[in-house]
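User: I am new to this structure and would like a close look at one part of it. Please take me through it step by step.

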Amino acid sequence: MSWFAAILLPQFSLQAALRLHEEAWSQPIAILEGDTEKGRVLEMTEPAQRSGVWPGMVATQALARCPALRLVPRAHAQEEVVSTLLLETTGTVSPFIEATAEGLCVADLRQVKAANWEQWACGVVERFAARKLRACIGVASNPDLAVLAARHAEPALIVQHPGAFLAGVAISEADASPELITLLRDWGIHHLGELARLPRSELIERLGPAAGALWEQAAGRAQRELRLVRLPETYWETYEFEHPIETTEPLLFILRRQLEQLTLRLAEAYRVAAQMTLTILLELGWGQPSESETGGKRAVASGRKLFPSTDGAVPSSAPSANSPDRYERVFTVPSPTGDTEVLFRILHTHLESLQLAQQPIGVRLRIEPITADASQFQLFESPLRDPNRFGETLGRLAALVGAENVGVVQMEDTYQPDRFRLVAPQFQQLAGSQKPESSESRTLGLPLHRFRPPLPAQIHFQRHVPTWFSSLEAQGEVIDALGPYRVSGQWWDQHAWSFEEWDIELSDGSLYRVSKHQGSWFLEGCYDAPVR
Amino acid sequence: MTHQYVELHARSAFSFLRGASFPEHLAERAGELKLPAVALCDRDGVYGAPRFYGKGKESGTRLILGAELTLEDGAVLPVLVESRTGYQNLCRLITQAKLRGTKTDAPVHWNELEEFAEGLVALTGDEEGPIARCLEQDDHPGARERISRLRRAFGDQNVFVEVQRHLRRGEELRIRQLADLAHAEQLPLLATNGVQYAIPEHRGVLDVFTCARNHTHLDAAGRLLSANTERHLKTAKEMSALFRDLPAAIDNTVRLAGRLQFSLEKLGYQFPTFPVPEGETMGTFLRQRVLEGARGRYREKFSAIVRAQIDRELSLIEELGFCGYFLCIWDLVQFARDEDIMVQGRGSAANSVVCYSLGITACDPIEYQLLFERFLAQGRTSWPDIDLDLPSGDRRERVIQEVYRRYGKHGAAMTANVISFRGRSAMREIGKAMHFSPDVLGRFSDLFANGDFPHTLDLQAQLTQAGVPKQHPRAAAAASLYQMMKGLPRHLGQHSGGMIICQNQLSSFIPLENASMPGRVVAQWDKDDCDDLGIIKVDLLGLGMMSVLQETIALSDQRGRKVELYEVPANDPPTYEMIRAADTIGLFQIESRAQMATLPRLKPECFYDLVVEVAIVRPGPIQGGLMHPYLKRRCGQEEHVYLHKDVEAVLKPTLERTLGVPLFQEQMLKMSMDLAGFDGSEAEELRRALSFHRSHDRMNAACAKLRIRMEEKGHSQEVTDLVVKSIQSFAVYGFPESHAISFALLAYASAWYKVHRAPEFYASLLNNQPMGFYSSATLIKDGQRRGLHFLPVSVCESEWNCTIIDDTTVRLGLCVVNGLRKEHGAHLLLERMRAPFTSVADFNLRTKLTKPEQRTLAKIGALHGLSAHRRDALWQVELPLDGEGLFTRQAAPPPAAPLAPMNAWERLEADQSGMNLSIGKHPMRLLREQVPHAWRAADLAQAANGTYLQIAGQVICRQRPGTAKGFVFISLEDETGVANAIVVPQLFERCRLLITSESFLVIEGPLQNYGNVIHIKAQRILPLSAPELTLAESHDFR
């Protein structure tokens, strides 16, 4: 007889959200389903449940029952990580696995020889516990039965006698459409045992093949082929330090080892690295301010003592997706490669100037692979000679001036003068023949050379018209002026801005743009105009 | 140097999401800025004009009428009204486009402009205008071509090239282009500011509206938002400075404004004349109808007093020119009667013997000594108000459609009902714009004070509890926007029953548009606007109780015991006994919790007591502190005082019947006549001023006049203050006595039928749901407590409606089944009439109900008689039918289903989910063992005052009246009746969500029994966990 193991991560969303916060399980916390007006409780911790909070309850009713309840939205990114962990860990049990549902997978155990299934299952549970996940395992003679067993397992359940087990299983736990479940409830069928007692053919006659399949489940006879999945092609390595580390050396040492492993695997699969995600796990309790909130000056020197920062310094590069317990940054590899040295240089350049407020306790490196590019440049293309070197140069620049100050300028959709953002360069486009589209279709008037930052200035007015101007760049009598031009925006938060601008002509014929911002005058720029 | 400027292009919030200020605010601000006139050009309508006009008269700013017209190519053309012809053309043009288009897309065609251009002046518009749109695309020939079109349509003298300067880069080029165009075409330039809000602070509201229109949020809206805050009303000096390079553009505003002299005062509206036989005038014809009617109504009581009153009223009606109006209403009432539609006039019309004689109203004003001046008075210019109550539903719709049929689609319309941003909707829009999560907005809404109770939760606290704490970077902006947005119009709905009609085409006086409801046309002004401008409104209101009474009478007739409404015996002791016991669930007007709490104290013994009861449990008398004095005086606990001993002799005849407490508007009018020497029209003007919500100035002026006149009459300051305070306190909500009498008639009749025609009355109540205060479930439990038996829905026995079996038994009809379509029900009944159903299979085969309908009927036990039990029926309805139904599948009886019958709780659950009611056990009977110490509702009368006890039950009503200082009233129904609890504000705030979200509650506290009014003063509130039930909605905060 073949055996199947269903591995279930109960309260999947809650586990994903609280995975690295063990202490949170003792607090009343509920996960809210959906970003809707009437958010409903999906899962909740035991203290919340004791206060009368149930799945399906609307948020307000849950708060009514448990005023201290903390409502947490679903952490989709973390759920994805946990899903991957589930599959990976199950993959260590058997190569034949099915991703049955969210937080649930089934493994075909035909190649597993276990003298004691109970003991074997507990071993698997421990493997999950090491990954900070609570798993329940059901082992049975068919996949659906194993799934039902997993739902009843504490933490492992081996079904030797399907009939006895199924009699007490609620109908709602079976794999069937909600409509069918509701109909059966109206019939007074609440457990699979009751369903199994109904005449199969008459049931199918009335409710169709779906009911028949459910009946098979209820009778413990449902045999089906697993919808096998390949383990996700993820290239990642993780390492947890024994103690929090203080300098870059151990981190770089580990990262090099990880890269060597990963590039080896990439080479075996004829792939190259297109993107690397570096995640540094930090020693930080939940609720503490994140590094980006602490503020402080930017570290310029490549300090070897990386952590902790005593002056609350922010990292030199803006993290892409940080939370209080981690630092994460994504590196796009300008020219995808499998060369360990090239990849390591990218990481090394970045880490040279990174300072964090908390001590790292672990590091994870993930690589997004692609097939090596075999295309040939066209005759008249002038690609970058070495995109990776260019990328490295950008990395060094970012280390010097801050990542937020490196990139391609893109004007923002706002009236705020000179408001732009820097976006990461698209290496494929830079290397190819495509030119970035101009963001503004029409330009009116004379070209303006902007002073960045604008220069402080002084202006004298008579009857609301500028008459005298003075700044480091220019000064003199204003012989003509156009304005004022007024723009303002973002009045809805603390970033509100307001400008009053004038175009002035000085007695020497030069034209300038001046503006008043937050009560002070500035010289914004100089028009490119022939001097009279 | 004096500057002169008239703003000729302004939009108010009545441009619906395209303007950010009330028209009144624009008028007020224009007055402050000393602008002599402002042209209000709302988008595709004149919605805001009456409000601007009213306020403008006070602030000294003249309204120039206009509108922005959306053209078929998307351009927006502002037009201004020069003459009455121009106004009528504008209204007709908008109506034509609106009735042709859809609610959201009804453009005017370019080729229509010429037909309706007379009396209108066109501007070339702002950045959305036809010219600017061409220039934006460098289409100069296109701009010239459009100018030519406008000249052809409006004439050379009536086209102005509009220039606006909002201090934005790039606009100088546009202004130069427009100036060149004007020069080339020899057209005058006209400066406007394209005003979108009264003051700069309102720019934020406009940005939020922009987000709402574009379905985006502030962070993503980019350059859709305003560039700056320049589109507010500006002074002549500011505008002159802005256009110092184009002074003619400013001067032209004054010149053009001088031409635009049309005012809403000169609307020229006329009510339809009534066609009378040859040789008759409307006056003589009306007199004949009144005398005929009076003889029929009064019979032997047709006395000289009646005759004299009729003469007095008729001569006044003739003098004021209202004969046609009365005849039209009489005609409509005749139509209703002919169509067997119950009709009854309400409101001040009941003060008129003419209305009584014409059969419009049901109570005799002479018998009740009602003050005619409340209805009509010498010197009055506004139309009298006649409201007709009709049975709600189809019958009322028939009368409305008859009005449309008689006056045509362009001659009659429903008045508008302006849907405004209220607390929830305002924050919802703000929240969406600010990109708050839907969950936060949902919580904000849930935390709202419900009903008419004012906010006790501070806005900041509410935001904080919803998830936007004070430190939130957007909290301050959200709170400030919230205050600015509340009350602004959101969109136009239709009034529940107000209709306006017109002698000529109504669409010449108000633009009309299609309502969302098919077959309905709605005017752009609400009833107050129409009233202010002298456009007469007839309210055709639907009353559920009228339907119930009409059906009760019909059912009684079928059973040979018909009693018409006018035949209901007066002073019936069992009826009054029931009313005194507050056993009033299902009755008209006196079934609410507050009424029930008052009845045992007021102890009505005669009809007039009921009139007082109907009138006294109202916000006005309660806020004015009139209820308790009246009740105390009635119980002999307080002396009868007539306001002040100095005026006792004068006021006693007026106030005696209400024991010295002024309760009715008629009394207020009479007091002002007796104490201040007001004549009828002055008194009515006082009432109108005090009940006019929009203008405090108008109220203050009216009170000042009252004071002066009272002082002139020599009354002391103390007496004057007392009278003014008393009048002010209830004028806003005060009830006309005639109205109270009309309602009390229905209240008494409903009570009489409940006592003497119980099965007919309950069946009718159930057939006309939803209506009234309580759900069908509560009505059934109430009926059962009164000894009535309800039989379940049965496909073999039930009709569509609930039917009477005998004097104590009602069979539930198919109409109570959730989701059963009426046409399917009719087909079922037809098949049953053809031959009785023999089995479930036979039933399925012949009725062709949908599967969900079959399942619901099986689940609620309606297939009983064809099956052994509900689950047996459920098992059988699932059996598929043979293809064409050629063979009956089940020749032999089907084998018994392998399903177990439902238990009591399952049956209850099935009933609730299938019908929202159950004739079986009350859920509390099944939950009783969970709360062994809870007192049953019926037993509470046995408990001593002050006993600390526990009650438990299903929440059927949560109330928080505005007059109750934050107290909340909860009604819990159990298997024996209804128990009431009072929750103090502090406890409510602590348990707000528990109270508002739980279906079953346990409440503990001391019992209070004052004069058989029993309440538990809640000290502890707990949820009572029950298996999930689909319960009928409770009556919450309505």
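Which residue forms a salt bridge with B:Glu185, and how far apart are the closest N and O atoms? Please also set that pair in its surroundings.

Analyst: A caution to begin with: this is a predicted model.

The partner is B:Arg151. Its closest N and O atoms with B:Glu185 are 2.9 Å apart. A salt bridge here needs a side-chain nitrogen of Lys or Arg within 4 Å of a carboxyl oxygen of Asp or Glu, so the pair qualifies. B:Glu185 belongs to helix H6, residues 171-185. B:Arg151 belongs to helix H5, residues 140-154. They are 34 residues apart, so the pair links distant parts of the chain.

Over all chains, the count comes to 94 salt bridges. Seven salt bridges are counted between chain A and chain B. B:Arg223 also forms a salt bridge, with A:Asp413. There the closest N and O atoms are 2.8 Å apart.

Now the contact between the chains. It involves 49 residues of chain A and 52 residues of chain B. Together the chains bury about 4300 Å² between them. Carbon and sulfur atoms carry 53% of that area. On the chain A side, A:Tyr415, A:Trp491 and A:Trp492 lose the most area to chain B. Together they make up 19% of what that side buries.

Back within chain B, helices also pack against one another. Take H1 (residues 23-32) and H2 (residues 49-59) of chain B. Their axes are 8 Å apart, at an angle of about 25°. Angles under 35 degrees count as roughly parallel, so H1(B) is roughly parallel to H2(B). Their crossing is right-handed. Among the residues that meet are B:Leu26 and B:Ala27 in H1(B) and B:Phe52 and B:Lys55 in H2(B). By class, this contact has four nonpolar, three polar and four charged residues.

A second pair is H21 (residues 544-558) and H32 (residues 737-756) of chain B. Their axes come within 11 Å and cross at roughly 40°. H21(B) and H32(B) are therefore oblique to each other. This crossing is left-handed. H21(B) contributes B:Met545, B:Met546, B:Leu549, B:Thr552 and B:Ile553 to the contact. H32(B) contributes B:Leu746, B:Ala749, B:Ser750 and B:Tyr753. By class, the contact has seven nonpolar, two polar and no charged residues.

Key
Residues are numbered from 1 along each chain as its sequence is written. Chains are lettered from A and ligands numbered from 1 in the order in which they are written. This is a predicted model: local features need pLDDT of at least 70, side-chain atom pairs count only at pLDDT 80 or more; totals for chains, interfaces and linings use all residues. Side-chain values use heavy atoms; hydrogens and water are left out. Axes are lines fitted to C-alpha atoms, for helices over the stretch in contact, and angles run from 0 to 180 degrees between N-to-C directions. Helices (H or I, at least four residues) and strands (E, at least two) are DSSP runs, numbered from the N terminus. Angles under 35 degrees count as roughly parallel, over 145 as roughly antiparallel, 65 to 115 as roughly perpendicular and the rest as oblique. A crossing is left-handed if the near helix is turned anticlockwise from the far one by less than a right angle, and right-handed if clockwise. Contact means heavy atoms within 4.5 Å. Ala, Val, Leu, Ile, Met, Phe, Trp, Tyr, Cys and Pro count as nonpolar, Asp, Glu, Lys and Arg as charged, and the others, Gly among them, as polar. Buried area is the accessible area (1.4 Å probe) that two parts lose on being put together, summed over both.
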